[in-house]
Amino acid sequence: MTSTRTVFVRGAAVAALGAVFALTACAPGGSGPATSASLGPVSKDVAAAGDVTLTVWDQNTDGGIADAQTQLNEAFMKQYPNVKIERTAQSFADLKTTLKLALSSNTPPDVVQANQGYPDMGAFVEAGMLRPMGDYADLYDWNSYYPEGLLKQNSFSSDGKQWQGDTLYGVSQTGELVGVYYSKKLLAQLGLAVPATLADLESDMEKAKAAGILPLAFGNLEKSPGIHLFGVTQAAAAGSTAVNDLVAGTSGAWTDAPTVEAAQDVADWASKGYLTAGANGISRDDALTSFSSGGALFDINGTWQQQTLATAMGDDVGFVALDSTEGTPATTGGQGLAWAITSKSAHPDVAAAYIDFITNAKAAQVLLDTGNLPTVLPADYAPKDGTLAADIATQYRAVQGANGLVPYLDYSTPTFYDTLTAAVQDLVAGKATPEQFTETLQADYSTFQSSK
Amino acid sequence: MTTLLSVAPREETATATLTRGDDHAQTARARRASGHRRARRSRVAYLYVAPAFLVFAIFLGVPIAQTVQYSFYDWNGLGAATWAGIDNYLRVFQDPQLRDSFGHAVVLMFFYAALPVAIGLFLTALISRSHQMRSMSFYRTVLFLPQVIASVVVATIWVAIYSQNGLVNEVLRAVGLADLARVWLGDYDTALFAIGLVGTWLNIGLCLVLFLSGVGNIPPELFEAVRLDGAGRVREFTAITLPALRGQIAVALTLTVVSALKTFDLVYITTRGGPGNSTTVPAFEAYNRAFNTGQVGLASAVAVVLTIVIVLLTIAISRIEPKDVE
């Protein structure tokens with residue numbers, strides 16, 4: 001026992017000594033935003049770069065997108081034999097946690113996929129880790145290829161403090177839309193029409209419930225599906241402009257009436273039994289399976305489930321993005337993670353050529369062939385009527401045309417993902433009222449806004 | 001880290017007390033007699049310790065010092081850090097979510113430590129008489145198995161057991177208690193207890209194996225003596241077994257309390273702190289805030305407070321131990 005204590009005391013003394021030593025040393029972390037050193041002239045000439053190894057970190061790990069990425073990488077190396085691509089692919093969550101450390105190193109990857117919004121891209125830009133890409137946008141004519149709204153989502157002010165600012169930091173490869181999947185068979189059985197608005201959705205769900213059919217399959221064990229459920233509802237209730245401004249931090253509050261209304265809707269759906277019972281303990285995949293096997297009328301999910309649902313349900317499944325109160329479609333969505341160049345990359349020209357190669361119109365065809373939704377749909381792309389692919393293409397064009405894309409709500413603050421997902425679980429379980437729910441969100445939001 | 005170091009010597013002394021108690025007293029007297037020689041020798045002794053100490057300093061000391069340093073800064077892990085003084089520590093106690101996480105750890109301590117030790121003692125009392133059974137080592141292995149299985153596997157198994165159509169609910173339905181069936185890990189009222197019971201299941205085997213080995217060290221004559229005196233099972237347990245197991249109980253409590261406070265993997269895999277924030281624990285908060293939400297300073301403060309709590313509890317528990325140098 002005495003010996004034990006001595007170890008403690010000695011250990012503590014050493015730790016304290018070390019701490020004192022460390023504290024007198026400099027503060028952790030870099031020295032803040034890199035001064036905007038003048039960027040050199042840019043060029044499309046990849047061959048001139050000589051032998052180059054390009055390190056790439058991406059999250060294209062499953063299904064169709066993994067195939068597409070492999071094909072595109074091989075095609076690029078074939079076209080430019082002097083470039084060797086060294087790829088690290090990991091899941092979204094893994095990439096999110098490891099990218100920060102990788103970017104802090106002295107030899108970060110050349111090309112990385114960075115998540116949009118304040119938690120990731122904003123923090124990277126603030127620390128001066130990403131290279132502004134405005135010059136490459138001119139060189140490769142991205143400004144006319146991409147809709148402005150999508151480029152804005154990949155932009156920040158150069159100090160990283162304002163999302164959707166004036167400096168472009170990446171472009172995306174795939175498009176995404178979160179919307180309402182419906183079972184055509186169950187709709188017909190109930191004699192209902194495809195919902196076009198939030199009110200339609202609600203009345204359809206009421207009738208389904210009365211007929212003993214589960215209205216909306218919802219599994220929220222992973223917590224993230226809550227962002228989709230609430231995001232879609234809020235977009236329809238408040239309209240895309242209001243939510244966009246809110247997430248970007250330019251105007252509005254989470255306690256505004258339409259947002260409270262959306263929270264009220266979700267709470268009502270849960271209490272009326274429109275959502276899967278015990279949703280907080282059901283996994284997202286289980287809920288999706290219950291929908292695809294005919295156990296529920298609706299499922300709110302992303303276009304990335306297209307392949308899964310088309311395989312399971314054939315042409316029995318449809319997809320719709322709800323109209324907001326403004327009369328145009330508005331829903332959560334946007335684009336996949338942005339492909340960005342790190343500021344320490346020694347070969348920005350090669351990196352930019354690579355990014356263009358895997359995102360341009362030619363790549364879009366490869367993505368379509370492998371069952372993905374490219375950021376910009378080719379004008380002549382027209383899948384057979386009545387298929388899920390056709391629904392998704394129509395809705396994607398409609399939402400993009402109406403500028404109805406609402407960003408993922410967790411872009412709002414560095415801690416918003418945790419705050420929002422826990423709050424939606426509370427809301428769905430009836431542990432928080434819609435007012436308490438929106439106040440929780442607003443508290444996180446205003447803390448971050450005042451710290452900027 | 002400190003706790004691991006502290007546990008090791010204790011475990012040894014605890015099991016050694018019963019057999020080597022007398023030697024200890026003798027060496028103590030011998031030491032006092034040769035103070036001078038000892039001083040010279042101890043300086044040499046430091047040389048023997050030096051390599052180990054160097055490794056400790058580089059791989060544990062420096063990171064610990066760094067964590068302490070970070071805890072005084074406001075830092076997102078990437079950009080410049082700003083001095084925050086003790087703000088992070090104040091937040092550990094003021095932020096309701098963080099405060100709750102420590103509260104949850106206390107609840108888990110009951111399930112991880114108190115319950116397994118109590119059950120372990122009860123089972124020991126039952127088994128100790130049949131302790132000479134030939135298949136004992138087989139049962140010991142089976143009981144200890146949960147400790148050996150990777151915790152990720154354990155957690156995944158229990159997610160299935162607690163799920164909508166999992167074992168627990170199927171059994172409830174089979175015996176006509178379908179009303180009680182629920183998604184145990186998704187329910188605000190049951191999630192923390194569900195995780196706690198996994199901990200109980202994990203630690204019972206550890207406690208039992210420790211206690212049984214302790215009972216094995218008790219001279220059989222003692223049992224014979226009390227039985228001749230006409231003591232029943234209960235009296236035999238309280239008079240002989242329990243006092244003799246003080247050392248083992250201290251070790252078991254130390255290991256299980258520390259495992260309760262350090263819980264991370266179970267929560268990470270089963271609930272990720274949900275539903276809401278009803279199952280967050282300090283270690284999960286420290287990880288999440290450091291690597292996901294970019295609050296490295298606050299995360300470090302949580303880690304430092306957690307370490308201090310663990311050290312204090314370990315010291316407190318060590319008081320149960322029989323005194324060896326007296």
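At what angle do helix 10 (residues 225–238) of chain A and helix 11 (residues 240–248) of chain A pack? The angle is about 120°, and the two axes are 7 Å apart; axes are lines fitted to C-alpha atoms, for helices over the stretch in contact, and angles run from 0 to 180 degrees between N-to-C directions. The tour returns to this pair below.

This is a predicted model, in which local features need pLDDT of at least 70 and side-chain atom pairs count only at pLDDT 80 or more, while totals for chains, interfaces and linings use all residues. Residues are numbered from 1 along each chain as its sequence is written, and chains are lettered from A and ligands numbered from 1 in the order in which they are written.

**Stop 1: the domains of chain A**

Colour residues 47–169 + 337–369 of chain A as domain 1 and residues 177–333 + 391–451 as domain 2; these bounds come from an automatic or database domain assignment. The centres of the two domains, taken over C-alpha atoms, are separated by 29 Å. Domain 1 of chain A gives 12 residues to the contact and domain 2 of chain A gives 13, two residues being in contact if their C-beta atoms, placed from the backbone, lie within 7 Å.

Next, select helix 2 (63–79), helix 4 (118–126) and helix 7 (148–153) of chain A, each of which supplies at least two residues of the side of domain 1 that touches domain 2. Helices (H or I, at least four residues) and strands (E, at least two) are DSSP runs, numbered from the N terminus. Helix 4 of chain A contributes the largest share of that side, three residues. By type, the side of domain 1 of chain A that touches domain 2 has five nonpolar residues, seven polar and no charged. Here Ala, Val, Leu, Ile, Met, Phe, Trp, Tyr, Cys and Pro count as nonpolar, Asp, Glu, Lys and Arg as charged, and the others, Gly among them, as polar.

**Stop 2: helix 4 of chain A**

Keep helix 4 of chain A selected: nine of its nine residues are buried. A residue is buried if 20 or more other C-beta atoms lie within 10 Å of its own, exposed if 12 or fewer, and partly exposed in between, with C-beta atoms placed from the backbone. Among the buried residues of this helix are Y118(A), D120(A), F124(A) and E126(A). The partners against which the buried residues of helix 4 pack include helix 3 (92–104), strand 3 (111–114) and helix 18 of chain A. After helix 4 of chain A comes G128(A), with a positive phi near 70°.

**Stop 3: around helix 10 of chain A**

Return to the opening pair. The angle given there makes helix 10 of chain A oblique to helix 11 of chain A, the class for angles that are not under 35 degrees (roughly parallel), over 145 (roughly antiparallel) or 65 to 115 (roughly perpendicular). Show Q234(A), A235(A) and A238(A) of helix 10, which meet S240(A), A242(A) and V243(A) of helix 11. This contact comprises four nonpolar residues, two polar and no charged.

G226(A), I227(A), L229(A) and F230(A) of helix 10 form the contact with L420(A), T421(A), V424(A) and Q425(A) of helix 18. Five of the residues in this contact are nonpolar, three polar and none charged.

Within helix 11 of chain A, select L246(A). L246(A) counts as buried because 23 C-beta neighbours lie inside 10 Å. Leaving out residues up to four places away in sequence, L246(A) touches G252(A) and W254(A).

**Stop 4: the largest nonpolar core**

Which residues of the largest nonpolar core touch the most other members? Of its 197 residues, they are V111(A), F124(A), Y169(A), L216(A), V266(A), A252(B) and V302(B). Such a core is a set of buried Ala, Val, Leu, Ile, Met, Phe, Trp, Tyr and Cys residues joined through C-beta atoms within 7 Å. Helix 8 (residues 191–216) of chain B provides the largest share, 15 residues. Centre on V266(A): beyond its neighbours within four places in sequence, the contacts of V266(A) include L229(A), F230(A) and V428(A).

**Stop 5: two loops of chain A**

Finish at D141(A), in the loop between helix 5 (134–139) and helix 6 (142–145) of chain A. D141(A) is not a glycine, yet has a positive phi of about 60°. N403(A), also not a glycine, has a positive phi of about 55°, and lies in the loop between helix 17 (388–401) and strand 13 (405–406) of chain A.
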